[in-house]
Amino acid sequence: MPSSGDSGRWATLPGAGSSDSGDSGLAEAPSNRGAIGSLSATRARDTSAGTVACAAAIQPSPDGTSLTVKLGRLTLAIAHDPAAGLAHRVSPSSVVLASRALEEGGGAGLEGTWALELGCGPGLAGVAWAAAGARVILTDLEPCLPLAARSIQLSGVGARAIAVRLGWGEPGAVGVAGAAAAAAGWVDLPSSATNAAAAASASAAAVPDLLLAADCVYDPALFAPLLATLAQFGRAGTHRVLLAHVRRWRTDRRFWAAARQEWEVVDVTRGGGEDGGDGGRRSSSHERGAQRLFELRWKGAQRLGTGRVGGCRKAV
């Protein structure tokens, strides 16, 4: 945990100057199931060709229970508990995904966009998207929800963000999202629809515009549950996913190979070229440890001729 003596020193992520190692409580992606990497190592990887460029300055609170994150025009307060493990720490990938919020929507911002974050941990990415104007449901398992809820409170985005339990691979994920959005007053879910058109309209309104995920591809045992949850939302009408990822193991390829069955995988880091994210022949620049941002586009939407972009449906 950061000590009170660290509170006056800012740790920095790529593009924001020099960095320090570990006192910030920032977590290395779980590449070896428990080791905590340093910010300096993260910065070195991110300066390699083709990786994500983003800048964030991070300052621990005196008591070590939260981080102040300066990200462009946003200043956020994120709760964390380093002693509780990696799931309770801010990861470099979540900083990348958070920074993307400043690029989405252009000058119009993210008003009207509804996003759902999978595996939110302390909630940096989801909170950043909410601060940038989106409505966001942050989801994770029970142990992480108190941190995410506190991050929402500390950052003052309670009108735009909520924290809800959602386990990967469990049935009814879309219903969980819709019920949470309805409870927050974001969508109307009538108990019964008088006709098919009304039912279809209510169903479409209860589906997020996009999914967010950071450092969710690391354990082969979780690949199938994560893909199943992504597919639930894809079939329901959520046709876009932003996924920040650090390649760690050769087994990561299995996730991306399976994902390509239902999703077009685009490497945002490389300017929008197709990329399997697997570190193999299709993505030679995705070296081990490189920080990347991928966009997944539901192939079913292309077959149907519709997609969801920026909070609305449009022809593709």
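His 88 counts as buried, its relative accessibility being 12%, where buried denotes under 20% relative accessible area, exposed over 50% and partly exposed the range in between (1.4 Å probe, protein chains only). The model is a predicted one, in which local features need pLDDT of at least 70 and side-chain atom pairs count only at pLDDT 80 or more, whereas totals for chains, interfaces and linings use all residues. Residues are numbered from 1 along each chain as its sequence is written, and side-chain values use heavy atoms, with hydrogens and water left out.

His 88 is located in the loop between β4 (74-79) and α2; residues up to four places away in sequence aside, His 88 touches His 80, Asp 81, Pro 82, Pro 122, Pro 143, Cys 144 and Leu 147, contact being defined as heavy atoms within 4.5 Å. The protein chain contains nine helices and 14 strands, taken as DSSP runs numbered from the N terminus (helices H or I, at least four residues; strands E, at least two). Of its 316 residues, 54% count as buried.

Helix α2 (residues 92-100) and helix α3 (residues 124-131) have axes that come within 8 Å and cross at roughly 10°, which makes α2 roughly parallel to α3. Axes here are lines fitted to C-alpha atoms, for helices over the stretch in contact, with angles running from 0 to 180 degrees between N-to-C directions, and angles under 35 degrees count as roughly parallel. In this pairing, Ser 94, Val 95, Leu 97, Ala 98 and Arg 100 of α2 meet Leu 124, Ala 125, Ala 128 and Trp 129 of α3.

The structure holds 11 salt bridges, each a side-chain nitrogen of Lys or Arg within 4 Å of a carboxyl oxygen of Asp or Glu. Arg 100 is paired in this way with Glu 103, the closest N and O atoms lying 3.1 Å apart; Arg 100 counts as buried at 16% relative accessibility, whereas Glu 103 is exposed at 52%. Both residues belong to a network of salt bridges that also links Glu 104, Arg 240, Glu 264, Glu 295 and Arg 297. A further salt bridge joins Arg 248 to Asp 215, with the closest N and O atoms 2.4 Å apart. This pair links distant parts of the chain, 33 residues apart, with Arg 248 in the loop between β9 (240-246) and α8 (252-259) and Asp 215 in the loop between β8 (210-214) and α7; both Arg 248 and Asp 215 are buried.

Technical notes: Parallel < 35°, antiparallel > 145°, perpendicular 65-115°, else oblique.
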